[in-house]
Amino acid sequence: MTSGREANLLGNVHGGEIMKLADSTAGAVAQRHSGGPAVTAAMDEMAFLEPVHVGDIVRTFAQVNWAGRSSMEIGVRVETQPWNDPSTSALHVASAYFVFVAIDADGRAREVPPLVPETPDEVRRMREAEIRRAHRLAKRQEIESGRHRVE
């Protein structure tokens with residue numbers, strides 16, 4: 001996957017490299033869903049479950065979990081497998097949730113197609129994404145109201 005330049009002192013790939021890969025994967029999915037350019041607005045959460053060793057084969061999977069007027073939550077799953085042992089099962093090493101905003105040629109937000117969940121898993125993902133969105137908005141509102149009280 002990477003050279004020693006992207007490794008930490010333990011011989012594992014830096015988390016930032018995995019984050020960058022997840023962001024790129026999420027961006028491709030956001031662009032495909034929205035039918036045009038989309039930019040990262042936030043990374044809601046990233047959980048590192050296992051180390052990624054230099055030389056591992058890394059695979060990323062992503063899907064749109066929620067879509068609003070112009071923003072989307074993209075969930076990313078990162079898996080690895082040792083490069084020299086194809087019989088080893090893939091290992092889930094990280095998960096992340098990114099918020100993307102679709103933009104037009106002038107860089108302004110543009111509308112995205114709605115998301116219509118069809119399976120129980122898609123319904124669950126959308127519900128969980130709505131919870132994360134509500135928490136993001138409530139946190140932002142609480143921070144803003146606290147700033148106005150201090151000033």
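A hairpin connects E2 to E3 by way of three residues. Strands such as these, and helices too, are DSSP runs numbered from the N terminus, where a helix (H or I) needs at least four residues and a strand (E) at least two. This is a predicted model, in which local features need pLDDT of at least 70 and side-chain atom pairs count only at pLDDT 80 or more, while totals for chains, interfaces and linings use all residues. Residues are numbered from 1 along each chain as its sequence is written, and side-chain values use heavy atoms, with hydrogens and water left out.

**The overall plan**

Let us step back to the whole chain. The protein chain holds two helices and four strands, and from the N terminus on its elements follow the order α-β-β-β-β-α. Its C-alpha trace spans about 50 × 45 × 35 Å along the principal axes. A contact here means heavy atoms within 4.5 Å. Among contacts between residues at least 6 apart in sequence, 66% join residues at least 24 apart.

**The sheet**

In what order do the four strands lie in the sheet? They form an open sheet in the order E1-E4-E3-E2, with antiparallel pairing. E1 and E2 are the edge strands, each with a single partner, so one side of each has no neighbour in the sheet. On average, neighbouring strands are turned by 25° against each other, direction ignored. Such angles are taken between lines fitted to C-alpha atoms (for helices over the stretch in contact) and run from 0 to 180 degrees between N-to-C directions.

The table shows the pairs, each with one example of bridge partners.

| Strand pair | Sense | Bridges | One example |
|---|---|---|---|
| E1 and E4 | antiparallel | nine | Phe48 with Ala94 |
| E3 and E4 | antiparallel | ten | Val76 with Ala96 |
| E2 and E3 | antiparallel | ten | Val64 with Ile74 |

**What is hidden inside**

A residue is called buried at under 20% relative accessible area, exposed at over 50%, and partly exposed in between (1.4 Å probe, protein chains only). Of the 151 residues of the protein chain, 34% count as buried. E3 is mostly covered, with ten of its eleven residues buried. In E4, nine of the twelve residues are buried, so this strand is largely enclosed by the rest of the structure.

A nonpolar core is a set of buried Ala, Val, Leu, Ile, Met, Phe, Trp, Tyr and Cys residues joined through side-chain atoms within 4.5 Å. The largest one has 22 residues, and those with the most contacts inside it are Ile18, Met72, Ile74, Val76, Val78, Phe98 and Phe100. Two or more residues come from each of helix H1 (15-34) and strands E1 (38-48), E2 (57-67), E3 (71-81) and E4 (91-102). Which element gives the largest share of this core? That is E4, with six residues.

**Rings and a buried asparagine**

Rings of Phe, Tyr and Trp (its six-membered ring) pair if their centres lie within 6.5 Å; planes under 30 degrees apart count as stacked, over 60 as edge-to-face and the rest as tilted. By this rule there is one aromatic pair. The rings of Phe98 and Phe100 have centres 6.4 Å apart and planes at 55°, so the pair is tilted. Both Phe98 and Phe100 are buried.

A charge sits over a ring if NZ of Lys or CZ of Arg is within 6 Å of the ring centre and within 35 degrees of the ring normal. Arg132 lies over the face of Tyr97, at 3.5 Å from the ring centre.

Finally, look at Asn12, in the segment before H1. Is Asn12 buried or exposed? Asn12 is buried, with a relative accessible area of 12%. Not counting residues up to four places away in sequence, Asn12 touches Glu6, Ala7, Pro51, Val52 and His53.

How values were computed. Pairing = 2+ DSSP bridges.
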